Amino acid sequence: MIIDDQIYDLIIVGTGAGGGTLAAKLAPTGKKILILERGDFMPLEEQNRSNVDIFKRERYHAPEQWYDTAGEPFSPQMNYAIGGNTKIYGAVLTRFRERDFEAVNHQSGSSPEWGVKYADFEPYYTEAERLYQVHGQATIDPTEPPHSQDYPFPAIAHDPQIETIVETLSQQRLHPAPLPLGLTRQADDPTNDSEVSGIVPALKHPNVTVKTGAKVVCLHTNPSGRAVKGVEAEIAGQSYLFLADLVVLSCGAVNSAALLLRSISDRHPNGLANSSGLVGRNLMKSLMTVVVQLSTKPNSGAFPKTVCVNDFYWGDRDFPYPMGHIQNSGGLLTDIIFAEAPPMFSVLAKFMPNFGLKQLATHSIGWWAQTEDLPSPNNRVRVEADKLYIDYTPNNVEAHDRLVYRWTDMLKTIEKEVDGFQRGIMHPRGEIPIQVMANQCGTCRFGEDPATSVVDLNCRTHDIDNLYVVDSSFFPSNASVSPALTIIANALRVGDHLLERLH
Ligand SMILES: Cc1cc2nc3c(=O)[nH]c(=O)nc-3n(C[C@H](O)[C@H](O)[C@H](O)COP(=O)(O)OP(=O)(O)OC[C@H]3O[C@@H](n4cnc5c(N)ncnc54)[C@H](O)[C@@H]3O)c2cc1C
């Protein structure tokens, strides 16, 4: 093993929503920061999500295999690159609702209270929306939490067909609202991500170094086992050891947990920072279904996702439990996740055998229904020898089904009003495949009690004083809206704590 001759103030592992944002926050300190990222910078053509090529399955899957509970291998949808999964995300940057931070009763259980509340997160949400140039409007959706400042940019205009639907939904007493979107003004790739807003500005500071193609495989502690001393990484087939005073993991919820579980020593026989036995447990990844409305009237097939409906978020008169969030998927030619719904695609192909993909995309509007899944200790990341297992059984499924049926009913109700809509709504019931790990979270939950959480409220591991986990792992519960803005806001929040610690 080659031992690097530098001693860093801080090592950040991973450059996604958590790691990339934290790097931007801490770079101006002048402290010696090393960023280790297993992927590389993505060439621009690889970042182009508007290409029909996107439908080629597994384009953005990791070049490795994980295993499900039955031991079946699968290739996870993970993007290992500078920017991590934010390089392929939809850039929908939504705040969690105030009640998402509280204990909530669900139809099939409960989600726990967070130790840090919405009011604590609010200034960081505002900072995050500025950093990621979020376009939105906070005044329409009744579930929208209070904002101390408006969105920095106005909401994106709807496609004309979506605008008609928005008006029709409003007549049904719903509150369709603009989706908050993180966008830059650049024409070639308008999406804002943690490379653009995190790593690029961080690297303008001479005290920050990034090593790409550096896969961290193990953390080594000092003899007492109380502090991490060395970060072991493989670079081009060679082992390196990097030394630092503080270490932050931001590998994503699955990989951060796996790394801790693999960092076994005499002092930590069950993995590092795992005295609670909770590392890897409580994995959540959201329940998602795509609902497609067919239309005789063509659309461009390439418009952005711009609208969400949260009227069912906390339930309704007939079902007094949280159901979740609806958003339009964007023109299906631009929607990467659609590529992850092969069962849906084959149903569509059967239904309309002569339709080419383009024809289909220009004659349909997709909707995503998304529901929170609940933390369960049996849903978890597990490592055995060099294999990584995902044990995951979806829960809270009835609430999700209710949401899908509510939405399908609503589309049927409005189809008479919208020119071109025809009776043809499809929502083939099917679990989102295990390889879709987009909203993974929860594997190192935060809390005050070391017996029931892995990291404290500053995301420092209870067991190891100089080790932090700053990605989606810290979530004690999921929410029905997507996670990235909360991961970003949390990285800024932990960044303030680390600014004090680094001084
Ligand atoms: C197709 C898709 C669409 C999505 N759309 C949205 C959306 O519209 N809105 C939203 O809120 N969320 C969305 N998400 C989810 C969002 O992208 C993630 O929640 C977010 O990126 C997670 O941030 P993170 O920092 O936890 O991890 P990641 O962004 O996954 O970053 C982890 C980083 O760590 C690196 N890494 C992993 N292991 C190692 C290792 N051992 N050594 C070194 N580096 C390592 C990875 O390469 C990566 O750069 C989407 C995700 C996908 C896949």
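Predicted model: local features only at pLDDT ≥ 70, side-chain atom pairs only at ≥ 80, totals over all residues.

Colleague: OK, ligand. Which residues come nearest to the ligand?
Modeller: There are 35 residues around the ligand, and Gly18, Glu37, Gly90, Val92 and Ala484 come nearest.

Colleague: And how do the residues of that shell divide into nonpolar, polar and charged?
Modeller: The shell has 16 nonpolar residues, 15 polar ones and four charged ones.

Colleague: How much of the ligand does the protein cover?
Modeller: On its own the ligand has 1000 Å² of accessible area, and the protein covers 97% of that.

Colleague: Which elements give two or more residues to the shell?
Modeller: Those are α1 (17–26), β11 (214–221) and α10 (484–502). The most comes from β11, which gives three residues.

Colleague: Switching topic: what does β13 pair with?
Modeller: Let's start with β1 (residues 2–13), which runs parallel to β13 (residues 238–249) and is joined to it by eight bridges. In that pairing, Ile3 has Leu241 as its bridge partner. Then β12 (residues 228–235) runs antiparallel to β13, with six bridges, and there Glu234 is partnered by Ser239.

Colleague: What sits between β12 and β13?
Modeller: The two strands form a hairpin with two residues between them, and Ala236 in the turn has a positive phi of about 50°.

Colleague: And the parallel pairing with β21, how many bridges there?
Modeller: Three bridges link β13 and β21 (residues 467–469), with Val469 in β21 as the partner of Leu249.

Colleague: Last one: where is Ile390, and is Ile390 buried or exposed?
Modeller: Ile390 lies in β19 (residues 387–391). Ile390 counts as buried because its relative accessible area is 0%, and the cut-off for buried is under 20%.

Colleague: What does Ile390 touch, leaving out residues up to four places away in sequence?
Modeller: Its contacts include Trp66, Tyr67, Phe74, Val254, Leu283 and Met437. As for Leu283, the C-alpha atoms of Ile390 and Leu283 are 8.8 Å apart in space, while the two residues are 107 residues apart in sequence.

Methods:
Residues numbered from 1 in each chain as written. Heavy atoms only, no water. Near = heavy atom within 4 Å. Areas by Shrake-Rupley, 256 points an atom, 1.4 Å probe, with all protein chains shown as cover. Helix = DSSP H or I, 4+ residues; strand = E, 2+ residues; numbered from the N terminus. Nonpolar A, V, L, I, M, F, W, Y, C, P; charged D, E, K, R; others polar. Pairing = 2+ DSSP bridges. Buried < 20%, exposed > 50% of the residue type's maximum accessible area, 1.4 Å probe, protein only. Contact = heavy atoms within 4.5 Å.
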